[in-house]
Amino acid sequence: MSEDETPVIRVKNLEKIYTGGVHAVKGVSFDVLPKKVVVIIGSSGSGKSTVLRCINRLIEPTEGEIFLEDVQINSPSTDINEIRSEIGMVFQSFELFMHLKVLDNVSLGLTKVRGYSKEKAEDIAKDVLAKVDMSDKIDVYPGQLSGGQKQRVAIARSLAMNPKVMLFDEPTSALDPELIGSVLESIKSLVADGMTMVIVTHEIGFAKEVGDWVIYMDEGQIVEAGPPEIIGEPKTERMKKFLGQILE
Amino acid sequence: MLFDKASSKNRYGRSFTIAVGSLFLASIILLITPSLNSEEVMDTGWDQASISTDNDLNDVLALNSTSAFAIGENGKIYHTVNSGVNWSEQDSGVIQDLNAIEFNEQAVVVGDSGTVLINDGESWTANSIEGAGNLYDLSVPHFESLADSIIFVSGTGGEIWKWSDNSWEDLSNFTGTTNDIYAVDFVNENEGFAVGADGLVIATIDGGLSWEIRETPDEFRGLSFYDVIIFGYQGNPVSAIIVGENGTIIQSSGTGPTAIGFIWKVPSETSHPTNTTNTIKSISGSSRFKFWVVGDDNFVALTEDGGSSFYNQSQLQNSGSDFTGVSFWDGYFGFAVGEEGTAMYTDREGQDPRVLDTAINFDTFWKYAKYAFPYLKEGMYNTLKIIVLAIFMGFSIGVTLAVFKTSQLNIRIPLSMPREDGTWKFVNFNPLKFFATIYTDIFRNTPLLVQFFFIYFGLMEIGIDLTFENLLGPERALERAYGSAVVALGLNSGAYQTEIIRSGIQAIPAGQMEAGRSIGLTYLQSMRYVVLPQAIRIVIPPLGNETVNLVLNSALASAIGFGEITRKGRLLISLTFETFWTWGLVLICYFVITYTLANILKYVEKRLKIPGLGLGGEE
């Protein structure tokens, strides 16, 4: 990593202890540089989703510091709603607003958070929907879409806010295998556009392909981190075992 | 395939719309047909005694407790001897409109074009005035025989004529006015008052040879006065009461021959004792304290305290009729007449009797239904008046408190003592949730009837005003029972709706709130734009049940005296003793309301249905 670039996201010594006492994240630190893609892999319960959710404070960190550029996200004086509008988030289960048509799903944040006029918001929404190849579905409800289409709309919804970074929380885990491709295509096109991203995923091949930096987490800690090549040659037993299970 | 489904849904939707629409329309028609709102209306104080004629009746004269003359347009004179059950037309010998009738030994009638008729017990003989205009009123202070009598008549353009010494004398030049004089009244041969158009009030103390203006307060300039009555004591005037346009009633009292008419007692701005803006046309009574006034648009009222307060005696059956004349034989027996043959009679001072000596008998259901309809219509109107506001109030409370109950606000309160290792133990406290829980627990665990009593009787005692007079002003203040019923039902329903909407909010996956927050919406915005629209769609069926419950619960408002359907039913039974028909109709009324409401809600549910949201999305 070069010294002259300011990281978009900086996570320092992040700790998360849930109310029940579960110590989910134990001192995790990493940086996300501009226009880079950080991929977090790891088995279920390794704390990778918790880290991701701490970044936009959907989960409140117990200890540590998280910065979006030079603003500390987990400081009480920060307007978290403003921060969140700068950080896109794509969920495993899509979480589209079921009562709103596709176009309204995408333009809601623009009108209510950014305060844009309805026309301007819809223009932007149509643009981003075209980017994820969903222009023909702007007038249907999410309930009428397939999983892959839903996830592409969800990506468009985040993208519409023109975020500084996008977080993907296992974006393909809930999809049938034949639908995964289209979603990955959409994410790849974002990579091509130079979007800064943090992706939590099980798609090892995909991680290798798009990731600039791969982090392997287990039991709340970063076990290995490095360029995508580390997937090919894991140093630790734990990661070897994990990759073995995944590739079976 | 999608298209097929959509079109079949549309077809279903259309017939549904028609069904609901027609039910809704029926209720609207029911509601907008004219109806009296006041619960105080009593329909039993007067008996209908209408005359079968299209002619307007202009005045009535009670001859004794059961017989009367009624006079009207086109020279009509009717006579009854059996309390208005039958009226016989008498030959007046004229075709002019007759305007007023007065009695002193013999009945005297005046009418248009100088018409004056005198009844000698057998027939009517004309004693008309050559050259006089239309005569509006008369007064007969002295009558021995026609040759030995004094009659004053008043009419168009300031005319006043006096009959004495067997001839008519024109006093019009002495009145000093060209206004129409609508009423004249003499307490003896010399002292009398005349009133008329444009606030005219004049008085004489010398038998009409000179008249002087008695100034009335400025606010009555421009209003016409239609009747005047002078009450006397041992032949001396002690009190004058004048009625006229805009519900006006003013009076002047005093002792001594000339004392009255200079200071007028006017109702204060805020209290309008007659409680009407209708024109009052006629006044009659047994004393200066107890008298009746009648007027336009079915206005009939009695005062027993000299005009400070009135009992409204309007009868629903006469809705829309203008009354023109009233005449009481004494303080109990009297007649009132109005346009198009409207007439009624009372032998009980027009008030609702404590005990009905005869219940009204109905030989067929349809006759009964026709009688009961106005009561039930008014009851339905009143019920709808409660439930519309109560549903709105309950829903507002429900949404607010459901949001409170699901809120994540936590205040950490340290327990009193630190632990041994010096750390403090905290408990989380959510004041919003706490408040909402207390509220719903109280309202869901106490009887609604007791809540009604508490709100209606209890809150009044500690000075909480449920007429909302401060808010709405004295003119539009609510009946207190109405305000209380809305508040009680709204608060109670709010508690149940809170729980229903809370369950809806909790049924929405937490991810929806997270998704809302993740694009930068605040908690409340996410609630408003993301969670609530979905939650409320899910809970429309239970909300529908709750609103139906609310309608059924509104029957309890009868316990605090509000005139909704159930109370009207009880009133009908006390009038008719027809319990089976009455309660049967009351049941039907409720069914019509709740069934319509349920269908409207089903329709709303269909309209708001969104593919993929909630169960049963596919049909």
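1. Lys12(A) and Glu65(A) form a salt bridge, with the closest N and O atoms 3.9 Å apart; the term stands for a side-chain nitrogen of Lys or Arg within 4 Å of a carboxyl oxygen of Asp or Glu. Lys12(A) belongs to strand β1 (residues 9-17) of chain A and Glu65(A) to strand β4 (residues 63-68) of chain A, so the pair ties together parts that are 53 residues apart in sequence. Helices (H or I, at least four residues) and strands (E, at least two) are DSSP runs, numbered from the N terminus. Lys12(A) is partly exposed at 34% relative accessible area, and Glu65(A) is partly exposed at 31%. Buried means under 20% relative accessible area, exposed over 50%, and partly exposed in between (1.4 Å probe, protein chains only).

2. On conventions: this is a predicted model, in which local features need pLDDT of at least 70 and side-chain atom pairs count only at pLDDT 80 or more, while totals for chains, interfaces and linings use all residues. Residues are numbered from 1 along each chain as its sequence is written, chains are lettered from A and ligands numbered from 1 in the order in which they are written, and side-chain values use heavy atoms, with hydrogens and water left out.

3. Over all chains, the structure holds 22 salt bridges. One of them joins the side chains of Lys240(A) and Glu237(A) at 3.7 Å, N to O. Both residues lie in helix α8 (residues 237-247) of chain A, three residues apart, about one turn of the helix. Lys240(A) is partly exposed at 40% relative accessibility, whereas Glu237(A) is exposed at 61%.

4. In chain B, the side chains of Glu304(B) and Lys290(B) meet in a salt bridge of 4.0 Å, N to O. This pair links distant parts of the chain, 14 residues apart: Glu304(B) is in the loop between β23 (299-303) and β24 (311-312), and Lys290(B) in the loop between β21 (280-285) and β22 (291-295). Glu304(B) is partly exposed at 38% relative accessibility, but Lys290(B) is buried at 13%. Separately, salt bridges that share partners join Arg53(A), Asp169(A) and Glu514(B) into one network.

5. Chain A has an open sheet of six strands in the order β6-β7-β8-β3-β9-β10, with mixed pairing; two strands pair if DSSP finds at least two bridges between them. The edge strands, β6 (87-90) and β10 (221-226), each pair on one side only. Neighbouring strands of this sheet are turned by 15° against each other on average, direction ignored. Helix α1 (residues 48-55) of chain A packs on the sheet, touching β3, β6, β7 (165-169), β8 (197-200) and β9, and its direction makes about 150° with that of β7(A). Axes are lines fitted to C-alpha atoms, for helices over the stretch in contact, and angles run from 0 to 180 degrees between N-to-C directions. Contact means heavy atoms within 4.5 Å.

6. Within that sheet, strands β3 (residues 37-42) and β9 (residues 213-218) of chain A run parallel and are joined by five bridges. Gly42(A) has Met217(A) as its bridge partner in β9(A).

7. Gln497(B) lies in helix α7 (residues 480-507) of chain B and is buried, with a relative accessible area of 2%. Not counting residues up to four places away in sequence, Gln497(B) touches Ile391(B), Gly394(B), Phe395(B), Gly398(B), Leu543(B) and Glu546(B).
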